[in-house]
Every structure is written in structure tokens, then in C-alpha cells.
Amino acid sequence: MHESNFIVREPLLDPKQRVIGYELSWQHQEDQPVTDEELEALIGFVAENVNDDEHGWLLKDKILFLDAVPNMLSTDALFAMPPERTVLTMKASDLADPDTLAAVQGLRAGGVGISVRDGDLAHLGKNLGMSASYIEVRFSGADVAAQARTYAAAKQSSVRMVGRPVATWSDFDACAALGLDAFVGKLHLTPRPGIPVKGMNPAQTIILQLMQMVQKNEDIPKIESVLKRDPALSYKLLRFINSAGFGVGREIQSLRQAITMLGYSPMYRWLTLLLATASTSGYSPVLMETAVVRGRLTELLGNKGLPRSESENLFMTGMFSLLDRLLGLSMKEVLDTIQLPDEVVRALLTRGGAYGPYLALAEACELNSQLVASLAKSINIAPVDVNKAHLSALAWAQNIST
């Protein structure tokens, strides 16, 4: 269960490369398949950690896809999840059982999504829309476009199609053009070919200058003068400081006052987020969200074994581990541009030093990697703490404002 297994997440993208949700699963052990009890435990653990008594569903508009089997369709944990944000993935063969089909249709009537796996779209029946909201289509061989065309031709308007694995951008474009609705794959780690933009854009150049000034504790009027050179950045700072999440009692209209109230350390973190999200290098929005989640997860994991004073450096390590892809530069070129603490540089280049193991563990949580357990053990973090940090980072990323 969550005390011995590790959660792995995989993003689901829409045709515009936006993250519409995540598929959560236990790490697959080659010699130990996931049991029905473990699947039920996953839903319970997720429900407990992404629902809040005061704030409700912490993942905003994100949908969670979770594997399910017939005997867990009435589990109490399932009813603790918001139905409109929950999709259960089931095998097509399970729906052949009348009792299971009735239970599934009851959940669908209540708003829970059902995704069908391992089914032939052409033979699942005209009433598929009553029992399924998604059907998972798996591609095999080289001609993904031809397969996608077949699926698109058979598609029922009420059922969305999730394609996997979609391994290249050309396949992604073919599937999107032919009407598939969502995609699972690791495309966010791969640049689109032929994108000419490389390096920092003007906005990122100003953000980098501000980061260096904050690092050096420059006077607030000097920081204000640089901010004023970018009206959009100034607007974002005022919007951020006046957001409900920041909790300012009265509206702040002065840049100098906003900098003073925010403080140097929180401002550096805010600028770190902006540096990644201001990218125009052709990478998809999912990569930016991945960078934010990774930064927060690296921080939370590191807080288990390092002083709280290291939080900002840990967050920066996780965020900047994807900055080379976001900027279209090599990591060495990135580090030649940005002055970072030695331990951060060491972690980014070698995954060594004080921060490196925490970054490596955060990265492994994005993949079904057999290294997760050994990495967690090496820094003395229990699986349950890794899983809680993972879901907390995912929720945090949905609730930040830049």
C-alpha cells in the first residue's frame, strides 16, 4: 500500500498540449503485479490527500485517472472523491458482467467518469456512452496516424478517446487532427523540432536581472526601477501581492510597497517561477507545470532531512532542472548565464551533493522507475512520506499564482 509502494504520475494532455489531468498509479513491480486491495488503497490515499475540509478539491480543474476493478466500485473512498474530477479506468472485459455494468452505469449517472481499456471501439456496442466517458486506444507499430484515423472514424460523439503511447510530436499532431481528445506520453521532455527560438527572451532577461539583484540584497528602489522597465511584469507583481492567497487586507498599488511586503526570499521564489513560465522556446505548457511540481517536490523531500533554511535552494534545484529544455540551451549554457549556489550547480550537473539525491527522487516519481525505492531509502524517507509530498506538490502547483 502507500506504506510500501510509491505513487507514479503521468500527465494527460489535450490537443493544445495543456495538462487536463493526471493518471496516478502504483509503481509497477515486474514480479509483483498490483493487487485489487492496492488499487483500492490508492484511491483512499489520494482522496485523503487531495481533499481539504476547508478548501475542498486541491487540484482545481485537473481530472485524476485511477485504475479500478469491479469489487471496488462501491468503496467508501471512491465517494470521498469529487465525481466530476474522477475517472476510473477499467478493462472492457469487466463490463461484460451485468452486475459490474449496472454498477458502472450507476457511477456514471452520479458523475464519475469511466475509461475503458483493452476494448475494440468498433465492437463495444452502440450503448457505450451510457457506461463510458473515455476509451483508451493503444497504438502499436509505426503508422500511428493510420491507426488514429481508424479510431476517429469509429468514434462516438459522447465518448472521448485517450491515446497512448504517443511518442513523437508528429504522432501527436496526427492524433489531434483526427479527433483524439487526450494523450498520454513523455512528450513534455522532448522539444518540438524546428523551433527557432533559443535562449532567453526579453522578459526572461529582466527576470534574471531581478533575481541577481534580490540575491545580492540590492536596495528596493533599484529593484523597483528595473521592474518599471517591464509593465507586464509590474502588473503581475501587483496582481500576485493582491491575490486572495497572499492575504493582504488592502489593495497594494505601489511597486515599492509590494516589494517590501513580499520580502526578498518569497520574491526570489516568485521570480524563479516566472523565469520558467515566461518561456517561448516552443515547449508545451506541460513542461512548465512539470518544472513547478518538481521544484516543490524537491523542496518537500529535502525538508525531511535538511534544515528549513535550505528550502529556497531545494525549490530552485527542482525548478531549474528543466530550465535547459525550457530555454533550448544546454545545462552548461544555462549555468553560465545564471549565478547559482555551488550545491545547486552540483545537483543540476551530477545529481550529487546535498540536494542531488532529493532532485533525483523527485524525477523518479515522474517515471515508473525501479530507482524510486532505492533513492528514498538512501536518504531515509519512508514511502508514505514520499507519496504525501508528491500529492502535496501536485496540489501546490495548481494553486500558485504568477
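A132 is buried, with a relative accessible area of 0%; buried means under 20% relative accessible area, exposed over 50% and partly exposed in between, using a 1.4 Å probe and protein chains only. This is a predicted model, in which local features need pLDDT of at least 70 and side-chain atom pairs count only at pLDDT 80 or more, while totals for chains, interfaces and linings use all residues. Residues are numbered from 1 along each chain as its sequence is written, and side-chain values use heavy atoms, with hydrogens and water left out.

A132 lies in the loop between helix 3 (128–131) and strand 8 (134–138). Helices (H or I, at least four residues) and strands (E, at least two) are DSSP runs, numbered from the N terminus. Leaving aside residues up to four places away in sequence, A132 touches R108, I114, V116 and V159, where contact means heavy atoms within 4.5 Å. A132 and M90 are 42 residues apart in sequence, and their C-alpha atoms are 9.5 Å apart in space.

In the protein as a whole there are 18 helices and 10 strands. Of its 402 residues, 52% are buried. Among contacts between residues at least 6 apart in sequence, 64% join residues at least 24 apart.

S321 sits between helix 12 (311–320) and helix 13 (323–327). Its side chain and that of R294 are joined by a polar contact of 2.9 Å. A polar contact is a pair of N or O atoms within 3.5 Å; within protein, one must be able to donate a hydrogen and the other to accept it, and residues adjacent in sequence count only if both atoms are side-chain atoms. Not counting residues up to four places away in sequence, S321 touches R294, M331, L348, R351, L359 and E363.

R294 also belongs to the contact between helix 11 and helix 16, made by R294, L297, T298, L301 and G302 of helix 11 and Y358, L359, L361, A362 and E363 of helix 16. These residues divide into six nonpolar, two polar and two charged. Ala, Val, Leu, Ile, Met, Phe, Trp, Tyr, Cys and Pro count as nonpolar, Asp, Glu, Lys and Arg as charged, and the others, Gly among them, as polar.

| Helix pair | Axes come within | Crossing angle |
|---|---|---|
| Helix 11 (residues 285–302) and helix 16 (residues 356–364) | 9 Å | roughly 130 degrees |
| Helix 6 (residues 202–215) and helix 10 (residues 264–277) | 10 Å | roughly 155 degrees |

Axes are lines fitted to C-alpha atoms, for helices over the stretch in contact, and angles run from 0 to 180 degrees between N-to-C directions. Helix 11 and helix 16 are therefore oblique to each other, whereas helix 6 and helix 10 are roughly antiparallel. Angles under 35 degrees count as roughly parallel, over 145 as roughly antiparallel, 65 to 115 as roughly perpendicular and the rest as oblique.

K60 is in the loop between strand 4 (56–57) and strand 5 (63–67) and is partly exposed at 45% relative accessibility. R351 is in the loop between helix 15 (342–350) and helix 16 and is partly exposed at 29%.
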